[in-house]
Amino acid sequence: MGSTDDPVGPSNCKSQADRNKALDADGLGACTRHGLSVYLAEKHCQHAITLLPRLGPFIVAADLTPQHGVVMPTPSKRFPHHHTWWPPEGLTRHTLFAKVSEVQICG
Amino acid sequence: MWLDNLPQASLDPLGQLRPDEILFEFNGPKIFTSIGGFGQLLLCYECDEDDEGSTYLVAPCGSRTVEHLDEGSVTVFEALNQPWLWAVRRDHTGLRAWKLDSLDVVPARNRPFRDATLKPESMPLLTYRLIGEGLAPGKVPASVVAMAVTRPTLAIRRLMQILGSRSATGGRPDNAFRALYDLEAQRFAYNSFEVSLRPPEQQQPELGASVYDAGAEALKNAISWLEETDETIEPALLEVLDALAPPVHGRIQKAEIRGALVGTRRITLDREDTKRIRAALKSQAAPELIETRGRIRELDRDKRSFTLRERPDSSPELNCTYSDELFDTVWEAFDAEVLVHLQGKLSTRGILEVTALEQVTRSASN
């Protein structure tokens with residue numbers, strides 16, 4: 001996923017629910033907004049940062065295991081690669097991630 | 001905050017900014033369409049977010065705009081960069097709007113990259129930007145437009161030919177390989193002037209992905225040579241760099257490279273780089289020019305290569321390559337099984353690139 005900070009800070013690992021923005025969601029969105037968007041391939045994360053530079057500039061990765069919660073594919077018609085990670089309550093999320101590359105932000 | 005000094009605008013045309021169709025989602029909807037206050041379609045882009053709320057860039061869009069975004073023929077930047085453009089803040093107090101003159105007033109981290117397409121598979125393989133004074137809409141010489149297309153096209157062709165020849169004994173890469181460098185011009189932009197190239201849609205995705213990954217690795221090595229003076233470089237890669245570097249004279253001072261071939265980076269080449277590349281090219285040993293005779297065997301018409309045997313003085317057989325221009329001449333000599341006299345450049349790999357070839361007449365052969 002993308003991170004504004006290196007090392008990754010807690011604000012980079014907030015779900016929509018953490019930001020109180022899941023109240024009006026319905027359907028699948030009511031579930032996914034309690035998780036965090038993640039990609040399995042660096043190039044897809046890189047693309048996300050070119051669309052939303054404020055997510056970066058850092059591409060950060062973590063080795064998530066079942067003890068870190070649940071990761072499931074949550075594809076859409078346009079984005080078959082999208083996954084959502086639901087970490088368990090109380091897990092410190094940001095320390096799991098480390099920088100793998102950096103995108104040069106350009107206009 | 002960058003919005004503080006901008007004039008506030010009426011909310012009437014904007015509606016409630018509720019997503020109608022979500023185009024891109026990452027921790028919630030980030031790019032979506034909504035229905036405006038007058039029933040018109042709007043494109044909304046979440047340009048900032050905090051615990052209190054979100055800020056959106058909002059522009060009118062037509063139903064075709066979404067199709068163009070899906071096809072990759074329009075970037076998200078272009079779709080947003082409309083004469084009517086607002087920033088809209090939604091937080092616990094409700095909605096507020098500001099009128100924007102253009103996307104140029106928005107900080108770079110709060111707007112999409114100029115060449116970012118909605119879908120990752122539509123992202124350009126290479127975006128080539130020529131930078132020079134006075135290049136603006138309506139003021140770009142046709143020669144610069146031509147240069148912006150021909151130079152990166154030539155560079156990619158050379159790059160793909162290097163990769164093709166690495167996996168073959170020589171000669172022309174096969175048809176599937178050649179399709180990989182027959183690129184399409186995806187978009188043009190006045191920035192100073194740039195062109196984005198992408199692979200043709202009909203190409204074989206699996207072959208394309210692996211070859212373009214190998215191309216990216218080769219180009220990375222070439223750029224490392226430019227940036228690190230103690231690196232070595234494959235001579236053929238110098239020719240790739242030479243195609244991308246700006247001319248030493250004229251209006252163009254720098255060339256910038258972005259896109260999948262250079263990953264997350266933005267590479268700028270200036271005239272000093274051009275001089276260094278050309279000096280390195282000159283210092284490369286010139287290929288040996290030779291003349292020889294023999295009979296053409298094992299002709300590979302697709303790869304434009306053949307094996308020359310029955311050479312004078314029991315010389316060993318010689319692998320040769322030839323250009324399209326010599327196709328008929330080579331084929332006739334092969335078909336007639338006659339002796340040929342040929343000239344060419346012998347590469348360091350021992351492959352002769354034939355530059356001239358003629359059949360040896362009976363009297364001459366005697």
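Trainee: Which way does H6(B) pass H7(B), in a left-handed or a right-handed crossing?
Mentor: The crossing of H6(B) and H7(B) is left-handed. Keep in mind that this is a predicted model.

Trainee: At what angle do helix H6 and helix H7 of chain B pack, and how far apart are their axes?
Mentor: The angle is about 150 degrees, and the axes are 9 Å apart. In chain B, helix H6 covers residues 235-244 and helix H7 covers residues 271-283.

Trainee: Which residues of H6(B) and H7(B) meet?
Mentor: From H6(B) there are B:Leu238, B:Glu239, B:Leu241 and B:Asp242. Facing them in contact, H7(B) supplies B:Ile277, B:Arg278, B:Ala280 and B:Leu281. By class, this contact of H6(B) with H7(B) has five nonpolar and three charged residues, with no polar ones.

Trainee: New topic, aromatics. How many aromatic pairs are there over all chains?
Mentor: A search of the whole structure gives eight. One of them is B:Trp331 with B:Phe334.

Trainee: How are the planes of B:Trp331 and B:Phe334 arranged?
Mentor: The pair is tilted, with 40 degrees between the planes and 5.7 Å centre to centre.

Trainee: Why are B:Trp331 and B:Phe334 about one helical turn apart?
Mentor: Because they are three residues apart in helix H8 of chain B, which covers residues 327-336.

Trainee: And how accessible are B:Trp331 and B:Phe334?
Mentor: B:Trp331 has 32% relative accessibility, so it counts as partly exposed. B:Phe334 is at 25% and counts as partly exposed.

Trainee: What sits over the ring of B:Trp331?
Mentor: The charged end of B:Arg301 does, 4.8 Å from the ring centre. There is also B:Arg276, whose charged end sits over the ring of B:Trp225, 4.2 Å from its centre.

Trainee: Let me step back to chain B as a whole. How many helices and strands are there in chain B?
Mentor: Chain B has nine helices and 17 strands. Of its 366 residues, 48% are buried.

Trainee: What about contacts along the sequence of chain B, how many join residues at least 24 apart?
Mentor: The figure is 59%, taken among contacts in chain B between residues at least 6 apart in sequence.

Trainee: On to the backbone. Where is phi positive in a residue other than glycine?
Mentor: B:Asn27 is one of the places, with phi near 55 degrees. B:Asn27 lies in the loop between strand S2 (21-25) and strand S3 (29-35) of chain B.

Trainee: Is B:Asn27 buried or exposed?
Mentor: Buried, because its relative accessibility is 14% and the cut-off for buried is under 20%.

Trainee: What is phi of B:Glu337, and where is that residue?
Mentor: Phi of B:Glu337 is near 55 degrees, a positive value in a residue other than glycine. Its place is the loop between H8 and strand S16 (339-346) of chain B. With a relative accessible area of 45%, B:Glu337 is partly exposed.

Trainee: Last one, chain A. Which kind of peptide bond runs from A:Asp6 to A:Pro7, cis or trans?
Mentor: That bond is cis, with omega near 5 degrees. A:Pro7 is in the loop between strand S1 (2-3) and helix H1 (28-32) of chain A.

Trainee: And the bond from A:Gly56 to A:Pro57, what is its omega?
Mentor: Omega is near 25 degrees, and the bond is cis. A:Pro57 lies in the loop between helix H2 (42-51) and strand S3 (58-61) of chain A.

Definitions and conventions
Residues numbered from 1 in each chain as written. Chains lettered and ligands numbered in written order. Predicted model: local features only at pLDDT ≥ 70, side-chain atom pairs only at ≥ 80, totals over all residues. Heavy atoms only, no water. Axes fitted to C-alpha atoms, helices over the stretch in contact; angles between N-to-C directions. Helix = DSSP H or I, 4+ residues; strand = E, 2+ residues; numbered from the N terminus. Left-handed = near helix turned anticlockwise from the far one by under 90°. Contact = heavy atoms within 4.5 Å. Nonpolar A, V, L, I, M, F, W, Y, C, P; charged D, E, K, R; others polar. Phe/Tyr/Trp six-rings, centres within 6.5 Å; stacked < 30°, edge-to-face > 60°. Buried < 20%, exposed > 50% of the residue type's maximum accessible area, 1.4 Å probe, protein only. Lys NZ or Arg CZ within 6 Å of the ring centre and 35° of its normal.
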